[in-house]
Amino acid sequence: MRIKSFLKTTLFYGMSTAINKGLMLIAMPFLGTVLSIEEYGLWALSQIIISVGAPILSLNSISGIIREGVENPKEGYSSFIKYSKLVLLITIIVGLALTFFSRTWLWYTIILIIIESFQNNLLGWYRSIDKHINYFLTILLKLIALIGSILLIRSEPSIDRLLYYQVVLGGAFIIPFYMRELFYSSFNTIPIAFKKTLIFSTLLIPHGIAQWIMSGSDRLIIKYLLNDLELGKYSLAYTLAMVLMIVNSGFALTIPNFILKNYEEWVVGNKKVKILFLYSLVTIAINLLLIFSVDFFRKYIPLLNEVDVDVKKIMTWLINAIYLLGVYFFYVNILFYHRKAKIVSTITLLTAVINLIGTYIFVKKIGIYGAAITTFASYLIYLSLFVYQSFKIEKRIYKYLKIELTLILLTLILNFSVLFFI
């Protein structure tokens, strides 16, 4: 795969996943017209809970389907069917339990977790067989459901009504896609060693939970220790910083498939250096753009009036943290290739504990600024551990490692230097 082709695929998946995982960013201009900053903070918290709940409920099906389907589509489809049956069983159990609780924003959030679990099954299947159009449409309809929900509550806005319509529209949109794969697919199920696949994907659940702790628990701690206003301001800074997640999402989906097919080229070639260089330039450009363009958009998006100097500084710390997360994909997928799920989960859990304790201590001492600094420090530790483990498993990456680490350091220095001009 040439650099141009790699970047094209990365951009495609990045834009697709940006819609799926970046709803807080994309929806901000629309939500800013109907929700207060306190309500926006709660809605952002709901989306974070969904992002960690869906992989748990679906037993991390997306990883299992991709791992088998990229190399053998028939095994991938059979895994898709097996996971679908498991998710349906779990859904029935959770659905019965929900009948005993009142319909609050958290109740609707759990229903959205169920819908997202089925969507994850579809996305894993589409991605494993490179059905780009279906993949994109499945995600686009999720965005359309949210925008439709916002329009439906404009006359009587509330967080509960917004989530209610997300459930109704989101569920209605996903059903046709699922029915098509179940009843009109060109693939048939075959006998597979599903237990092995299930163990692989399940072992990565702690990894996913720990990643959520690093990326989402800060808002829970802020809500507990501070107040909804501070939660809203921090969520706003995080949402703006997530512009960089468009690129990260592309890496998350493109690099694993590339390594499975071109492992030697990734390890011993200079492709990794070239892509890292381009990624670093993009990160610096995004940081500058966000810092100096927010003031211009205040008159169009009322929510941005809450962005003061402190929020801009927090945003820079978070952009650098997200940059380190993007670089992490360059190395962790070497471990995924060698099926080192246990090492991956152990490192992530360890870093998550450090993040959780650090966030609690520093939010208590210096407020939301402490959450941003801890997030950056956690991702720095996270990346360092994965670079070390990748080197232990694959010594050949040392050839370009010094160049890669120098690029990372220079990018962080240039990004932080912007803080002196705010």
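How many helices and how many strands does the secondary structure of the chain come to? After that, could you take a close look at helix H9 and what it meets?

Author: Happy to! First, a word on what you are looking at. This is a predicted model, in which local features need pLDDT of at least 70 and side-chain atom pairs count only at pLDDT 80 or more, while totals for chains, interfaces and linings use all residues. Residues are numbered from 1 along each chain as its sequence is written, and side-chain values use heavy atoms, with hydrogens and water left out.

To your opening question: the chain has 18 helices and zero strands. Here helices (H or I, at least four residues) and strands (E, at least two) are DSSP runs, numbered from the N terminus. Of the 422 residues in the chain, 55% are buried. Buried means under 20% relative accessible area, exposed over 50%, and partly exposed in between, using a 1.4 Å probe and protein chains only.

Now to H9, which runs over residues 159–183. The expected span is 1.5 Å times one less than the number of residues.

Follow H9 along and you will come to a kink of about 25° at Ile-175, shortly before the proline Pro-176. That bend is the angle between axes fitted to the seven residues ending there and the seven starting there. Several residues of H9 are buried, including Ile-159, Leu-162, Gly-170 and Gly-171. Phe-177, Tyr-178 and Glu-181 are also among the buried residues of H9.

Two of those names come back when we turn to a partner, helix H6 (residues 73–98). Tyr-178 and Glu-181, together with Leu-182, are where H9 meets Tyr-77, Phe-80, Ile-81 and Ser-84 of H6. A contact means heavy atoms within 4.5 Å. The axes of H6 and H9 come within 11 Å and cross at roughly 125°. Axes are lines fitted to C-alpha atoms, for helices over the stretch in contact, and angles run from 0 to 180 degrees between N-to-C directions. H6 and H9 are therefore oblique to each other: angles under 35 degrees count as roughly parallel, over 145 as roughly antiparallel, 65 to 115 as roughly perpendicular, and the rest as oblique. The crossing is left-handed, meaning that the near helix is turned anticlockwise from the far one by less than a right angle, with right-handed used if clockwise.

Helix H4 (residues 37–57) has 21 residues and reaches 30 Å from its first C-alpha to its last, close to the 30 Å expected. Since 15 of its 21 residues are buried, H4 is largely enclosed by the rest of the structure. Just after H4, Leu-59 takes a positive phi of about 60° although it is not a glycine. Leu-59 sits in the loop between H4 and helix H5 (61–69).
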